[in-house]
Amino acid sequence: MNCTYCGEGLAAYDPVFVDRERDGERTEEGAFCNYGCLSAWLDETEAATGACCRI
Ligand SMILES: [Zn+2]
């Protein structure tokens, strides 16, 4: 498995997995070598836009 953001193999890392519940089913959004890649990916995809739990 490779990092969703940078494509690096995850075997050498302690990867961070992200999944999301959609229509009652867990779907995998991505896997990242670290929180740096996760954060950069969130910035690029704007996956976190509007996802704040505070209303
Ligand atoms: Zn990465």
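Which side chains meet in a salt bridge of 3.1 Å, N to O? The side chains of Glu29 and Arg22 do, and the legends below place this pair among other details of the structure.

The model is a predicted one, in which local features need pLDDT of at least 70 and side-chain atom pairs count only at pLDDT 80 or more, whereas totals for chains, interfaces and linings use all residues. Residues are numbered from 1 along each chain as its sequence is written, and side-chain values use heavy atoms, with hydrogens and water left out.

**View 1. Overall fold.**
The protein comprises 1 helix and 2 strands, arranged along the sequence in the pattern β-β-α. Helices (H or I, at least four residues) and strands (E, at least two) are DSSP runs, numbered from the N terminus. Of the 55 residues of the protein, 18% count as buried. Here buried means under 20% relative accessible area, exposed means over 50%, and partly exposed lies in between (1.4 Å probe, protein chains only). Contact means heavy atoms within 4.5 Å; among contacts between residues at least 6 apart in sequence, 33% join residues at least 24 apart.

**View 2. The zinc site.**
The zinc ion has as its protein donors Cys3 (SG), Cys6 (SG), Cys33 (SG) and Cys37 (SG), which lie 2.2 to 2.3 Å from the ion. Donors are N, O and S atoms within 2.8 Å of the metal (3.2 Å for Na, K and Ca); water is not among the atoms, so sites may look incomplete. The site is tetrahedral, with angles of 105 to 114 degrees among the 4 donor atoms. Four donors count as tetrahedral if all angles lie between 85 and 135 degrees; four count as square planar and six as octahedral if opposite donors are over 155 degrees apart and all others between 65 and 115, and anything else is irregular. Along the chain, the donors follow the spacing C-x2-C-x26-C-x3-C. Cys6 lies in the segment before β1 (16-22) and Cys33 in the loop between β2 (25-32) and α1 (35-45), so this pair ties together parts that are 27 residues apart in sequence. Cys6 is partly exposed, at 41% relative accessible area, while Cys33 is buried, at 5% relative accessibility.

**View 3. Surroundings of Cys3.**
Cys3 is found in the segment before β1 and counts as buried, at 4% relative accessibility. Neighbours within four places in sequence set aside, Cys3 is in contact with Glu8, Leu10, Ala31, Phe32, Cys33 and Cys37. Cys3 and Phe32 are 29 residues apart along the chain, and their C-alpha atoms are separated by 4.5 Å.

**View 4. The largest nonpolar core.**
This core has 9 residues in all: Cys3, Leu10, Val16, Ala31, Phe32, Cys33, Cys37, Leu38 and Trp41. The elements giving two or more residues to the core are β2 and α1, and the largest share, 3 residues, comes from α1. A nonpolar core is a set of buried Ala, Val, Leu, Ile, Met, Phe, Trp, Tyr and Cys residues joined through side-chain atoms within 4.5 Å.

**View 5. The aromatic pair.**
Rings of Phe, Tyr and Trp (its six-membered ring) pair if their centres lie within 6.5 Å; planes under 30 degrees apart count as stacked, over 60 as edge-to-face and the rest as tilted. The count under this rule is 1 aromatic pair. Phe32 and Trp41 form this tilted pair, at 5.0 Å centre to centre and with 50 degrees between the planes. Both Phe32 and Trp41 are buried.

**View 6. Salt bridges.**
The whole structure holds 4 salt bridges, a salt bridge being a side-chain nitrogen of Lys or Arg within 4 Å of a carboxyl oxygen of Asp or Glu. In the bridge between Glu29 and Arg22, Glu29 is partly exposed at 21% relative accessibility, and Arg22 is also partly exposed, with a relative accessible area of 44%. Salt bridges that share partners join Asp19, Glu21 and Arg26 into one network. Asp19 is partly exposed, at 41% relative accessible area.

**View 7. The backbone at Asp23.**
Asp23 is found in the loop between β1 and β2 and is exposed, with a relative accessible area of 81%. Most residues other than glycine have a negative phi. Asp23, although not a glycine, has a positive phi of about 50 degrees.
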